[in-house]
Structures are given as structure tokens and as C-alpha cells.
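Please look through the sequence and the model below. The paragraphs that follow go from the whole chain to one strand and then to the core.

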Amino acid sequence: TVPDQYTTIQEGINAASTSDTVLVSDGIYSGIGNVNLTWDGGYKHLTVISENGPENCIIDCSGENRGFYFSSGEDTTSIIEGFTIRKGKVDEYEGVISDDYGYGGAAYIGDTSFPKFVTCRFEDNDAYKKGDAVSIRNGGNAIFENCYFYNNEWNTGNKQGGAVNIQNSNAIFRGTTFDNNGNDSEYDGGALYIYSDDQDNDSRVDIIDCDFLSNGSNGGSSYGGAIYLGRTELHIHDSYFYDNKANIEGGAIYIESNTYDNIYIQNSIFDYNGREADRGGAITKREYGDTLFVNQSTFIRNGWSTSEGGAIYLYRTKAVINNSEITLNHINNCGNCGHAGIYVYGNWDDNYFEMNYSTVAHNYHNSSYATGTSIWLGHSNLNAVINNSIVSYTFSEGADSYNLELNNTYTDAHNN
């Protein structure tokens with residue numbers, strides 16, 4: 001027990017044997033022995049747990065250190081539970097080795113390590129490069145269950161991943177909230193910045209029953225208010241995205257070009273995102289790559305001063321939307337072009353758009369319905385199918401009966 005038997009948390013970790021639990025009593029822990037906490041996961045499998053939860057047990061890094069460092073093969077039997085980790089900070093040339101300099105203000109996870117964080121709170125952390133709270137890199141893995149990321153951001157540096165950076169790595173988030181991260185100007189991925197260096201990789205991120213609230217910024221050139229994704233497989237289930245911000249593209253999610261991994265969004269809600277985003281109030285998927293699958297999800301009140309794709313912007317890419325509702329989304333900066341619901345541009349040989357059993361209606365251009373306010377289908381190379389759906393005010397430019405198929409679909413206006 002810390003501090004009854006051992007003065008610092010690290011002393012308790014060092015004294016513990018594999019499979020032991022290090023119990024930390026209530027209090028604020030800071031300074032040498034209570035920050036930069038680590039153990040050799042090849043020899044020890046430990047649980048480090050607070051006595052009474054994150055409200056009562058705080059690791060205060062004082063703006064000078066990380067909370068945890070994992071890079072020696074820890075697995076999911078290495079568990080950190082019930083702590084607040086606050087004011088962690090690494091500058092451009094700070095870290096353990098040069099490879100981790102500037103990454104992960106509260107925790108760094110690398111080199112096949114696989115720790116598990118449970119009921120932890122990360123707040124007010126900074127990192128000069130990426131991942132203001134946590135960075136998972138170079139084959140690292142991590143699980144976060146019932147955690148809370150709040151107000152993590154850096155005012156200078158790369159500004160990528162206000163809460164977490166995941167690079168060439170894997171992660172699972174369950175029941176976790178991301179609130180008010182990456183709010184400084186020009187953030188890419190206000191909550192999560194997910195990226196792999198090449199498209200031939202097995203990296204995967206799973207997001208289950210999570211909330212993304214007011215992440216990102218309308219300032220500068222920002223992409224992906226909640227999530228920035230590149231070349232990594234992503235699964236999102238039963239999650240809620242509200243009031244996330246990016247002023248260029250992807251108010252909630254931005255998927256960069258050449259992401260040759262499928263993206264799956266299931267039973268999720270996107271509400272009031274991207275009010276200042278130029279394209280894709282909720283989601284932008286850029287050119288080429290594999291398919292975005294959206295199932296049983298709702299898009300409502302996304303976009304505002306947006307010019308293209310109040311809810312979803314798809315550019316030379318692939319997407320399949322099933323059993324979803326896209327309503328009350330808005331654009332306000334596109335002359336007479338419309339497409340406040342979905343924008344689809346098909347100038348790519350492998351492009352594909354399919355929608356089944358969905359409703360796209362009551363989306364607005366300025367303050368009223370207009371031609372194209374639901375779906376804009378563009379280019380003679382388009383390959384699109386819409387089945388068993390309700391769509392109001394569809395506009396297609398260059399799409400015709402040769403490349404646009406409507407089956408059992410109601411439209412109250414359709415212009416070629």
C-alpha cells in the first residue's frame with residue numbers, strides 16, 4: 001500500500017512481485033517516484049489501483065513529466081485503474097529516448113506494450129508533437145475502459161491528437177468520453193489522431209460506446225474535430241459525436257486520401273458538428289481508398305456555414321449507407337448548389353456510392369429547401385445505387401440512368 005508501506009508509487013511498483021496489486025491511497029502524488037511510472041512488463045504483470053477512484057487519487061505531473069511510460073512488452077495484465085493524471089507535459093526534446101521525444105504528455109505506450117487503463121481521467125496534459133494526453137506508437141497497443149479525457153491540448157508544436165495519438169498501432173476505447181480536447185487553433189484530430197505510415201499494415205482502432213463532445217477548433221486550418229484518420233482500419237459502434245469542430249473538413253471525422261482500410265460506423269449519432277467546416281459537417285472522406293460503411297446511424301443538425309456536404313462529404317471514393325437518417329443538416333456558403341445532406345463526387349474509376357433503407361430529408365440550404373439540398377451526385381463517371389429510401393430534393397450533375405440507379409426510392413425532386 002502507498003503511502004502506508006511505501007513512500008512513493010514507484011517504490012510500491014518496484015517492491016511488487018508479478019501478479020501483485022499496488023494499492024494507492026487517496027491523495028495528490030507528485031515529484032520523483034510518483035511520475036514517469038514504469039515497470040518491466042516482461043517480468044512483472046501488475047495492477048496499480050487507487051483506493052477510492054480518480055476523484056480522490058491524483059497523479060500531478062506539475063507540467064514537467066509524464067505519468068506513465070510503457071515500452072517493455074507489458075500486456076493486458078498490466079492494469080492502471082482509478083487515477084486522475086493531470087498536467088503531464090513533454091517538450092520537443094523531452095522523453096526517455098529520442099524516439100519518444102515530444103509524444104504523450106500523460107502516458108507513452110510503444111514497442112508492442114499493451115497496458116489497460118480503467119476508470120482513469122486525463123486532464124490538462126500537453127505534448128509538443130502528438131498525443132497531448134497519450135501517444136501509442138510503433139506497434140504499441142492499449143485498452144481504455146470508462147476513461148475521461150478532458151481539456152488536453154498544446155499551444156505550439158504539431159497540434160495532432162488533442163487527447164490521443166495512435167501511430168502504426170492498435171487501440172480499443174470502451175465507454176470513454178472525450179471532452180473539450182484540442183481546442184487551440186489548427187488542431188487535426190481534436191480527440192484522436194490515428195495514422196499509419198503505409199497502407200500495408202494491420203493497425204486497427206475500435207471505439208465502442210464512447211462520447212466525443214466539443215473537441216477540435218474552428219481556428220486556423222483544422223481537419224477532423226473529433227477524429228483524424230489515415231491508413232488504419234476503424235470500427236465505431238454505439239457512439240455519440242456532438243459539437244465537434246474543424247474549420248476546413250470533417251467536423252467530427254476526417255478520413256484522408258489513400259486510406260486503403262475499411263471504416264465501419266454502426267448505431268451512432270452525429271449531432272451539431274462542423275458548424276464552421278467548409279466541407280463535411282460530420283464526416284469527410286477524401287479520394288481513393290477502401291469503403292466507408294455507415295449502418296443504423298443518425299446525422300442531425302450538422303454543418304452551418306458549410307459549402308459542401310452538410311452531413312457527409314465523399315470525394316472520389318467508396319461509401320455504403322444503410323438504415324440511416326440524415327435530416328436537418330445545413331449549408332450556407334455555396335451559391336445555388338445545395339447538397340446539405342450528402343455530397344458525392346464520382347470522378348474516379350473505382351468510385352461507388354450505395355444507400356439502402358435510409359432517409360435523407362429536411363436538410364437546408366441557407367434557410368430553406370433548395371435544389372440538391374439532400375444529395376448531390378456528381379460526374380459522368382459516378383457509380384451510384386439508391387434502394388428503398390426516401391430522399392427529398394436530389395440533384396445530380398452528370399449522373400444519369402447509365403450510372404445512377406434508383407430502386408423503390410421516393411424523391412420529391414430529381415434534376416439531371
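In this predicted model, the protein chain contains 47 strands and 1 helix. Its radius of gyration is 23 Å, close to the 22 Å that the globule rule gives for 416 residues, so the chain is as compact as a globular protein of that length. The C-alpha trace spans about 75 × 35 × 35 Å along its principal axes. Of the contacts with a separation of 6 or more, 80% are between residues 24 or more positions apart. Buried residues account for 58% of the 416 residues, and the accessible surface is about 14,800 Å², 40% of it from carbon and sulfur atoms.

Strand E14 (residues 141–145) is largely enclosed by the rest of the structure, because 5 of its 5 residues are buried. In a regular strand the side chains alternate between the two faces of the sheet. In E14 both faces are covered: Asn141, Ile143 and Glu145 are buried on one side, Ala142 and Phe144 on the other. Strand E10 (residues 116–118) runs parallel to E14 and is joined to it by 3 bridges; Lys116 has Ile143 as its bridge partner. E14 also pairs with strand E17 (residues 170–174), again in the parallel sense, over 5 bridges, and here Ala142 stands opposite Ala171.

The largest nonpolar core has 81 residues, and Phe117, Phe173, Ile227, Ile342 and Phe353 have the most contacts inside it. Beyond four places in sequence, the residues that Phe117 touches include Ile143, Phe144 and Glu145, as well as Phe68, Phe70 and Ile80. A second, separate core has 5 residues, among them Tyr313, Tyr315, Tyr343 and Trp376.

Terms used:
Residues numbered from 1 in each chain as written. Predicted model: local features only at pLDDT ≥ 70, side-chain atom pairs only at ≥ 80, totals over all residues. Heavy atoms only, no water. Buried < 20%, exposed > 50% of the residue type's maximum accessible area, 1.4 Å probe, protein only. Helix = DSSP H or I, 4+ residues; strand = E, 2+ residues; numbered from the N terminus. Pairing = 2+ DSSP bridges. Core = buried A, V, L, I, M, F, W, Y, C linked by side-chain atoms within 4.5 Å. Contact = heavy atoms within 4.5 Å. Rg over C-alpha atoms; globule rule 2.2 N^0.38 Å. Areas by Shrake-Rupley, 256 points an atom, 1.4 Å probe, with all protein chains shown as cover.
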